[in-house]
Each structure stands twice: as C-alpha cells, then as structure tokens.
Amino acid sequence: MNIAFWIAAGLLALFYLYAGALKITRSRDRLRPMMAWVDRTPLPAVRAIGVLEVLGALGLILPPLTGVAPWLAVVAAVGFVLLQFGAIPVHLTGGDRKVALNITLLLTAAVTVLFATTCV
C-alpha cells in the first residue's frame with residue numbers, strides 16, 4: 001500500500017504542481033487554449049486556485065516524506081477531491097463537456113485519500 005500511495009500521490013502532485021504553476025504565472029490569453037473556463041472566472045480566483053493546487057501538491061509529498069504532520073497528506077488529497085467536485089460543474093455549465101480528466105483526477109485523489117489513511 002505504501003508504494004501505491006507514493007505512485008498515486010506523486011502523479012497527483014506532479015499534475016497539480018504543473019497546473020497550479022501555470023495558473024499562477026500565465027496570462028488569461030496563454031491559459032485559454034488549455035483552460036477554456038478562465039474566461040468565465042475572475043483572474044484573482046484563477047490565481048488562488050493555482051496557489052491552492054501548488055500548496056496541495058506540496059502537502060501530498062512533503063509531510064509524509066519528512067514525517068512532520070503526515071496527516072496533512074490526507075487533508076491535501078481530500079482538498080483535491082473537493083476541488084474536482086467543484087471543477088466538474090464549472091466545465092459542464094460552461095458548455096465544455098470535457099470532464100474525463102476531472103473524473104480521472106477525482107478518482108485518483110479519492111484513491112490517494114484511501115492509501116494515505118492506511119499508510120501515513
């Protein structure tokens with residue numbers, strides 16, 4: 001189970017670290033080709049989501065790795081589940097029906113919660 005946690009957490013952390021960094025650093029025009037929803041969302045909210053994603057990615061990896069407050073990995077994974085529960089309706093109501101990635105991220109985060117509660 002420990003190996004499964006690190007695989008799932010590592011993949012989630014890499015994805016959210018990349019996506020969060022893009023949301024923090026790129027302009028709306030540069031985000032639009034890969035994230036159509038940014039036009040319907042205030043830019044400060046997009047930036048805040050990016051910060052939360054980066055912090056969540058760090059929270060998945062650093063606490064269990066260092067042994068300091070490893071329960072934060074569970075909190076980070078639950079946060080990603082909640083993030084995707086919010087992201088799916090945003091995609092569906094905006095006419096963007098591409099939610100396969102969101103569902104995959106939701107399921108991966110849910111599995112990570114399960115692994116984190118048993119391993120960490």
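The model is predicted, with local features needing pLDDT of at least 70 and side-chain atom pairs pLDDT 80 or more, while totals for chains, interfaces and linings use all residues. Residues are numbered from 1 along each chain as its sequence is written, and side-chain values use heavy atoms, leaving out hydrogens and water.

**Helix packing**

Helices are DSSP runs (H or I, at least four residues), numbered from the N terminus. Axes are lines fitted to C-alpha atoms over the stretch in contact, and angles run from 0 to 180 degrees between N-to-C directions.

| Helix pair | Angle | Axes apart |
|---|---|---|
| α1 (residues 2–25) and α5 (residues 100–119) | about 140° | 9 Å |
| α3 and α4 | about 145° | 7 Å |

The crossing of α1 and α5 is left-handed, meaning that the near helix is turned anticlockwise from the far one by less than a right angle. In contact (heavy atoms within 4.5 Å), α1 contributes residues including Phe5, Leu12, Phe15 and Tyr16, and α5 contributes residues including Leu101, Leu105, Phe115 and Cys119. This contact of α1 with α5 holds 13 nonpolar, three polar and no charged residues. Here Ala, Val, Leu, Ile, Met, Phe, Trp, Tyr, Cys and Pro count as nonpolar, Asp, Glu, Lys and Arg as charged, and the others, Gly among them, as polar.

α3 and α4 also cross in a left-handed way. Among the residues that make their contact are Glu53, Gly56, Pro63 and Pro64 of α3 and Leu72, Ala76, Phe80 and Leu83 of α4. By class, the contact of α3 with α4 has 11 nonpolar, two polar and one charged residues.

**Pockets**

A pocket is an open set of points on a 1 Å grid where a 1.4 Å probe fits, with protein on both sides within 12 Å along at least five of seven lines; lining residues have an atom within 4 Å of a point. A volume is the space filled by probe spheres set on the points.

The largest pocket has a volume of about 580 Å³. Its lining has 27 residues, of which Lys23, Met35, Trp37, His91 and Asn102 are the closest to the centre. Two or more lining residues come from each of α1, α3 (43–66), α4 (71–93) and α5, and α4 gives the most, with seven. The lining of the largest pocket divides into 17 nonpolar, five polar and five charged residues.

The second largest pocket holds about 180 Å³ of space. Its lining includes Ile49, Glu53, Gly79 and Phe80, and α3 and α4 are the elements that give two or more residues to it. Eight nonpolar, three polar and one charged residues line this second largest pocket.
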